[in-house]
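The structure comes first, and the description follows.

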Amino acid sequence: MTTRAIGARIPRNEDPRLLRGLGCFVDDVNPAGVLHGAVLRSPHAHARIVSIDTARARALSGVVLVLTAPDLGEQNQPTPLLIPNPNLTHPRTPRPLARDEVRFVGEPVVFVVARDRYVAEDAVAAIDVTWEPLPAVASIETALADGAPLVHADVPGNRAARMVQRVGDPDGAFASAARVLHEQLFIERSCGSPIEGRGVVAEYDPRAGTLRVWSSTQAPLPIKNGLARLFGLPEFRVDVIAPDVGGGFGTKIMLFYPEEILVPFAAVRLGRPVKWTEDRREHLIAATQERGQRHDVEVAVDADGRILALRDRFLHDAGAYTPYGIVVPIITSTQLPGPYKLRNYAVEFDVVYTNTAMVTPYRGAGRPHGAFVMERVIGLIARELSLEPAEVRRRNFIQPHEFPWDVGLTFQDGGPTRYDSGNYPLGLELVLARLGPGDFRRRQAEARREERYLGLGIGCYVEGTGIGPYEGAHVRIEPSGRVFVATGLTTQGQGHQTTFAQIAADALGCDPADVTVVTGDTRKFNWGAGTFASRALVTSGNAIGIAALKVRDKVLRIAAELLEVSSDDLELAGGVVGVRGMPDTALTLGALATVANPIRYAFGKEAAEAALRLVKPRKGAVLAPGEEPGLEAYGYYAPPHATFASGCHAAIVEVDIATGDVKILRYVVQHDCGTVVNPTVVEGQIHGGVAQGIGGALYERIVYDEQGQPLTTTFMDFLMPTTMEVPEIEIIHTETPSPLNPLGIKGVGEAGAIPVPALIAEAVDDALAPFGVRVREMPLNPGRVLALLAEGRATA
Amino acid sequence: MIPPEIAITVRVNERDYVERVAPRLLLSDFLRHQLGLTGTHVGCEHGVCGACTVLLDGAAVRSCLLLAVQADGARITTVEGLARDGEPLHPVQEAFREMHGLQCGFCTPGVLLSAVELLRDTPHPDDATIRRGLAGNLCRCTGYQNIVRAVRRAAELLDRR
Ligand code: FES
Ligand code: FES
């Protein structure tokens, strides 16, 4: 009997290649004769393009092509709106190249192709554009001010969307509540900033009429189908490959980024391969960003701190366009209730255009903001009633017997926001037991006597994961005995080549190391959506499980025929199938794959033997009617609706009141993502998520000046945490399997990042309680902590 | 006017190259695109992320902050040189595999070379030393915890050699 692969700490299949420097990232793709692109981007947040003179650029030796908007013709149409919504009354998507007006610094205006990147950048510098600068709005406030300049002349008041949702009778509950509390909260802009930026390579073969594109994307399939439409090519003549992708975090799924059209356009026009690789400055101004909301929240509570109703009004900064619709604020509004019973809830939001980079989902996708608001409300109640925040949570948690729990709102996928399973009180108790809050209060009091300020913060979240529409998989056993798995979505560090292999290996009774997984290559599998919304393992994982079980059935059926036994008597394990208790009957998967293919290129001793020994004289056709050759199958999985993972994080911090520095002394995570396929991989996901959350809570900030000029355009200005800022993270796994899918899996990709700002806020509040500090804004960089202290002292 | 190319001689991963390079060509681009050693990655091109770290005459340097011409006469080790074709993984690489010290693998080559330098100078580092030694390598995926564990483990594996 082999041990189960699902649940095992298996080292990753992808590592040896990556560790040897043999990964293949998009900038490593170098088709013969490849040319290099560079983009002239708008230096203005808002301007009219009066004229563009490209003569000097074209004259440079080595410059091959210079494209402006008119050169793109029909292909310069606005990119499709990814997720329309009736509340998004004024959607606006960008064109690959700006036509007459630019709306944010970084918007592409001219695309240059040259012999190498150096010459391409020389050419960009030699283009003369006459601009007529227009007034810009760089923040939600200025965008909504009376008479504010308009980002889009035909969008009144800069309002893209407005959405109102209501559960129960919030007005009634507010009217009769013992207490009503109110708070204003603000979360600043940040961004995903994977260490590998974006990049696109395209190659067009005019003889075969085929277009092949490599993109550092999280969703090659929609790009493939979209490019086919845009260029009038049959879908089967367009392939898009996401090779190794150096981190995505949501940033690499925008559909379409302008460059994903510009590079293929140039390759088709020139009949030569073209590459564009984003540099960091381009990434920090022109790739999409997120966070950026202002909330006005009111809560009605009874005398014991039970929440009776909550009302939230918020403003969401969309940046200059809304290519991704209003998914982020919808997630904020639907996930804000978190693990708490909220029977009366009213939420409304406005989505506001500003002259800044576009906003699309970044790890957490609206949830960190929602959790920040909800958990700040918990802190507010605790303060008002002189309770421990943990106690307020206990009094409001949805209880384990109350599942499925219907929040009463429509989720981002159009399905219900219905929590399928979980145990929220347990999570909190496990975390507290690890940290010892009683002991902490004693240490905190001692430290205060020495003028050291320690604080404890807790953050709880519920995350809707594993949304549809669906994913699929192809599973095939080869005559070598190796298993090949292909699925349409991509991987950008999550270890899918291992976890997907574990799922297939369990179904097929083989070693995960013998399973090769291909993701994000439309040549290998071309149905599905992409990797986002913590959905990969739920959707593709289950699809792979389904396909592999079909292959398993065929393995058992063929083996039963060959061995002339009932398939019930067979055992499949360790890569062989045989009659239980009779090891000499064992047939390898490879031998069965050989037998299953009527044209047996029986290379190798084992295969040759299998062909000779196992194949019986046949009656009739080689393939019986309805039979297919080989050991392979396709499987698809479409979730009924999202499955809801959850967790509770807590940290002890120390605040230095002289410098404003916040140091994390301990960090404990409890998380529940249902069935854990590989605990090591899950822990890695959480570590990384928490680190990004810490970045968002303490350091990272995308800053624009009043004219809309981005000020954080290098890693010296946009401060991501290093080894020195991220503490050891202690993890407690709990497993409440999802009843919604066969493997019981919930997603975990984004989880780590979600509650971090909320709990850091609570911890800093707690540490600085003697100064009457109340955290209302994120991130808490030293300057802001010092300002809070000054404010607290002044009002004390 | 583009100035003429300059001939340089470098020894990369124990192999000698005589190459002609443009004076402004970055060392990172030279390694990646002229020598085809794409294991060295570029994450920022302004000297902060450390993804492009290589060993130049034994010292960890950022190849995006050097010109290829500055490497004339130097000896360079890139990630491809840690374990060459057919050789088993270098102990530092092995430790990163064991401890899940990488996710997307983009920062990894730079982290590995910083770790090699760190462990050469400090064969038995404590965690604080490891963290300080790797503070110049940004990783957006791992949260660093398993990187630190991997370097600790690498110290053990190197001891056994
Ligand atoms: S690429 Fe050289 S330090 Fe970032
Ligand atoms: S593993 Fe992805 S950046 Fe470090």
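## Domain 2 and domain 3 of chain A

In this predicted model, 10 residue pairs are in polar contact between domain 2 of chain A and domain 3 of chain A, both residues being at pLDDT 80 or more. On the side of domain 2 of chain A that touches domain 3 of chain A, the elements giving two or more residues are β18 (453-465) and α19 of chain A. By class, that side of domain 2 of chain A holds 10 nonpolar, 8 polar and 3 charged residues. Across this domain interface the rule finds 0 salt bridges.

The buried area between domain 2 of chain A and domain 3 of chain A comes to about 1500 Å², with carbon and sulfur atoms giving 60% of it. Three residues, A:Ile467, A:Val677 and A:Leu743, supply 35% of the area that domain 2 of chain A buries against domain 3 of chain A, more than any other three residues.

## Domain layout of chain A

The domain assignment of chain A gives three entries: domain 1 (31-134 + 198-245 + 252-286), domain 2 (290-397 + 409-467 + 640-795) and domain 3 (468-637). Taken over C-alpha atoms, the centres of domain 2 of chain A and domain 3 of chain A are separated by 43 Å. The contact between these two domains takes 21 residues from domain 2 of chain A and 18 residues from domain 3 of chain A.

## Extent of the chain A and chain B interface

The size of an interface is often given as the accessible area lost when the parts come together. For chain A and chain B, the buried area is about 4400 Å², 56% of it on carbon and sulfur atoms. In chain A, the residues that lose the most area to chain B are A:Leu19, A:Arg20 and A:Tyr118, which together account for 19% of what that side buries. The contact draws 55 residues from chain A and 49 residues from chain B.

## Polar interactions and composition between the chains

Across the interface of chain A and chain B, the rule finds 5 salt bridges. B:Arg32 forms a salt bridge with A:Asp28, where the closest N and O atoms are 2.7 Å apart.

The elements giving two or more residues to the side of chain A that touches chain B are α1 (15-19), α4 (117-125) and α19 (679-699) of chain A. The largest share of that side, 8 residues, comes from α19(A). The residues of the side of chain A that touches chain B divide into 24 nonpolar, 18 polar and 13 charged.

Note on methods:
Residues numbered from 1 in each chain as written. Chains lettered and ligands numbered in written order. Predicted model: local features only at pLDDT ≥ 70, side-chain atom pairs only at ≥ 80, totals over all residues. Heavy atoms only, no water. Contact = heavy atoms within 4.5 Å. Buried area = accessible area lost by both parts, 1.4 Å probe. Salt bridge = Lys/Arg side-chain N within 4 Å of Asp/Glu carboxyl O. Helix = DSSP H or I, 4+ residues; strand = E, 2+ residues; numbered from the N terminus. Nonpolar A, V, L, I, M, F, W, Y, C, P; charged D, E, K, R; others polar. Domains from an automatic or database assignment. Polar contact = N/O pair within 3.5 Å; in protein donor to acceptor, adjacent residues only side chain to side chain.
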